[in-house]
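Me: Hey, can you walk me through this one? I'm new to reading models.

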Amino acid sequence: MDSLAHRPAWVGYVGSVWDYRHFWWSLVHIDLRNRYKRSVLGIGWSLLQPIAMTAVYCYCFHAIFNIELAEYVPFLMTGMAFWGLFSASATEGCQAFYQAQGFIKAERIPLAVYPLRVALGMTLHFAITLVVAVATAAVFKGFDRVLPLLTLVPTVTLLIVFSWSVATLMAFAAVHFPDVPHLATVGLQILFYLTPVMYPPSIINSRGLGDVLRYNPLGYFMHLLRDPIINDAFPSVWEFAIAGGLTTCVAALALWIIKRCEKNLIFALI
């Protein structure tokens, strides 16, 4: 009893979210069903953008920088997989509470459920693109070692927590500041070019802009994905530490915001 009494409050909150697991899984299923209702390709459309963008960037970068396609195609696919998850969590997270305001007004359910709905839906699309990236790497270059691919399990776990945290912060921000969705679109466009999604770090380093990559924490998530897929290598402890530290900080901030603003959110939605 004493151990339960002294456990952190967030542990009990996470437990309450888990108690509603059937509810938020149903919401994710409904979102996916509505998104692809009457669609010919169905969820296959989630691959259209990354594949189309990969084809365009491969053509341009191969022609301009003479980059080997065998290295660049899986490099770009992993980058597009991460960026799709991050950007969608931010933009769709802005609508998480508005989309669920009927549930919020009708029943007292942990608010973390609604950004989680967004994060899990986007994670499914991310996972599909990531599988294609692994398959592409296998076709273009093969794998000398398979064991490093196992590190993708903790990496994806980190990304789920990170995407939920981002969606949560954006959801609260959008409710209290209506201009946030528009600012997020502009900010993501800028951040896209400051993150090594489409260009190899060697190009940036050769032009004396290595600090752009060094001080962008999103780049460390890229390393966690690309090291096992492209380099057949285990990510370094430092890369996991940076990505894990960023995820912990953002998740802690999201939980603090929930605790501070949860009771008054209903008034902001009126």
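Me: What kind of model is it, and what pLDDT does the protein average?
Reply: It's a predicted model. The protein averages a pLDDT of 83, and 85% of the residues score at least 70.

Me: Which elements have the lowest and highest mean pLDDT?
Reply: Helix 1, residues 2–5, has the lowest mean at 44, while helix 9, residues 152–176, has the highest at 94.

Me: And where does pLDDT stay under 50?
Reply: Over residues 1–6. For that stretch the model has zero contacts beyond four places in sequence.

Me: OK, new topic. Where does T123 lie?
Reply: T123 is in helix 8, which covers residues 113–140.

Me: Is T123 buried or exposed, and why?
Reply: T123 counts as buried because its relative accessible area is 9%, and buried means under 20%.

Me: What does T123 touch?
Reply: Leaving out residues up to four places away in sequence, T123 touches L85, I160 and S163. The T123 side chain also reaches the backbone oxygen of A119, at 2.6 Å.

Me: How far is A138 from I230?
Reply: In sequence, A138 and I230 are 92 residues apart. In space they are 9.2 Å apart, C-alpha to C-alpha.

Me: How do the lining residues divide into nonpolar, polar and charged?
Reply: The lining of the second largest pocket has 15 nonpolar residues, three polar and no charged.

Me: Last one: what's the phi of D232?
Reply: D232 has a positive phi of about 55°, although it is not a glycine.

Me: Why point that out?
Reply: Because most residues other than glycine have a negative phi.

Me: Where is D232, and is it buried or exposed?
Reply: D232 is in the loop between helix 13 (218–230) and helix 14. D232 is buried, with a relative accessible area of 9%.

Technical notes: Residues numbered from 1 in each chain as written. Predicted model: local features only at pLDDT ≥ 70, side-chain atom pairs only at ≥ 80, totals over all residues. Heavy atoms only, no water. Helix = DSSP H or I, 4+ residues; strand = E, 2+ residues; numbered from the N terminus. Buried < 20%, exposed > 50% of the residue type's maximum accessible area, 1.4 Å probe, protein only. Polar contact = N/O pair within 3.5 Å; in protein donor to acceptor, adjacent residues only side chain to side chain. Contact = heavy atoms within 4.5 Å. pLDDT = per-residue confidence, 0-100. Nonpolar A, V, L, I, M, F, W, Y, C, P; charged D, E, K, R; others polar.
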